[in-house]
Amino acid sequence: MTYSSIHLAYESSIATLTLNRPDKRNAISFDLIDDLLRGLDEVQQSAAQVLIITGAGKAFCSGMDLENLRQLTGRSPEQNRHDSETMARLFRTLYDFSKPTIAAVNGAAIAGGTGLATLCDFTLAVPEAKFGYTEVRIGFVPAIVSTFLLRQIGEKQARDLLLTGRLFDAAEAYRLGLINEVVAPEKLVPRARELAAQLIENSPTSLAFTKRLLSDHAKVELDRQISAAIRENAEIRNTPDFREGVSSFLEKRNPRWSKQ
């Protein structure tokens with residue numbers, strides 16, 4: 001299978017999926033989402049027992065691609081709904097993936113990039129990595145990622161990150177419980193592979209059953225919450241603040257928000 005924005009490699013029962021848009025800091029584009037969904041399906045069907053996800057270049061994933069962000073302001077309600085459903089499907093596919101997943105966060109992981117990094121079973125990050133749910137800063141809403149974040153760190157901490165939209169470093173992400181380890185850059189990939197080798201020693205059937213047990217435990221609540229998140233994600237795009245937020249971000253100026 002061929003991909004335009006990811007690279008997929010296999011070695012010793014380990015699949016490594018690399019976000020491969022280094023010139024765009026691995027920003028999330030419509031093509032990248034499609035490649036990720038197809039890549040995850042390929043790994044799911046392969047003999048690989050563990051999946052490592054990382055980024056090419058200096059960033060893990062810097063958030064939404066600027067050109068795609070510009071296009072969002074002109075999409076129809078039906079297209080907005082479809083976009084939201086597709087993003088939810090990507091996050092849910094990663095969350096429910098039947099094989100253990102490890103994120104090796106080599107740099108910035110912002111907005112949707114934070115979601116991709118922290119939805120893996122294990123998240124390793126270099127000290128220089130930056131995280132943040134920055135959607136409110138451009139008039140957007142972190143609807144889908146918030147569904148998972150609330151389960152990971154609790155409501156009070158989630159409110160802080162989601163409402164301020166602030167960036168935070170790997171040390172704070174570790175304190176919050178969003179990442180498992182802070183690892184020196186030169187040790188990041190070796191540590192990810194070491195962890196993968198440890199997981200491979202376990203029964204693959206038991207790992208799959210355990211992951212299914214964890215997913216099923218949250219399924220009913222997640223189904224309901226994600227349905228609401230898709231609706232909110234699509235509806236915010238029809239608001240003046242979203243159009244102003246995107247425009248001001250692209251034009252590198254301060255936004256002029258509407259008064260509530």
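Predicted model: local features only at pLDDT ≥ 70, side-chain atom pairs only at ≥ 80, totals over all residues.
Visitor: In what order do the three strands of the open sheet lie?

Guide: The order is E5-E7-E8, with mixed pairing. Strand E5 (109-110) and strand E8 (167-169) form the edges, each pairing on one side only.

Visitor: How many bridges join strand E7 to E8?

Guide: Strand E7 (residues 130-132) runs antiparallel to E8, and three bridges join the two. Within E8, Phe168 is the bridge partner of Phe131.

Visitor: Are Phe131 and Phe168 buried or exposed?

Guide: Both Phe131 and Phe168 are buried. Another pair, Phe140 with Phe242, is tilted, at 5.4 Å centre to centre and 45° between the planes. Phe140 lies in the loop between E7 and H5 and Phe242 in helix H10 (residues 240-250), so this pair ties together parts 102 residues apart in sequence. Phe140 and Phe242 are buried as well.

Visitor: Where does helix H9 bend?

Guide: Helix H9 (residues 204-235) bends by about 55° at Lys219. Its buried residues include Leu207, Ala218, Leu222 and Ile230. The buried residues of H9 pack against helix H3 (77-95), strand E4 (101-105), helix H5 (143-153) and helix H8 (188-200).

Visitor: Which residue lies over the face of Phe209?

Guide: That residue is Arg212, at 4.5 Å from the ring centre.

Technical notes: Residues numbered from 1 in each chain as written. Heavy atoms only, no water. Pairing = 2+ DSSP bridges. Helix = DSSP H or I, 4+ residues; strand = E, 2+ residues; numbered from the N terminus. Bend = angle between axes of the 7 residues up to and from the residue. Buried < 20%, exposed > 50% of the residue type's maximum accessible area, 1.4 Å probe, protein only. Contact = heavy atoms within 4.5 Å. Phe/Tyr/Trp six-rings, centres within 6.5 Å; stacked < 30°, edge-to-face > 60°. Lys NZ or Arg CZ within 6 Å of the ring centre and 35° of its normal.
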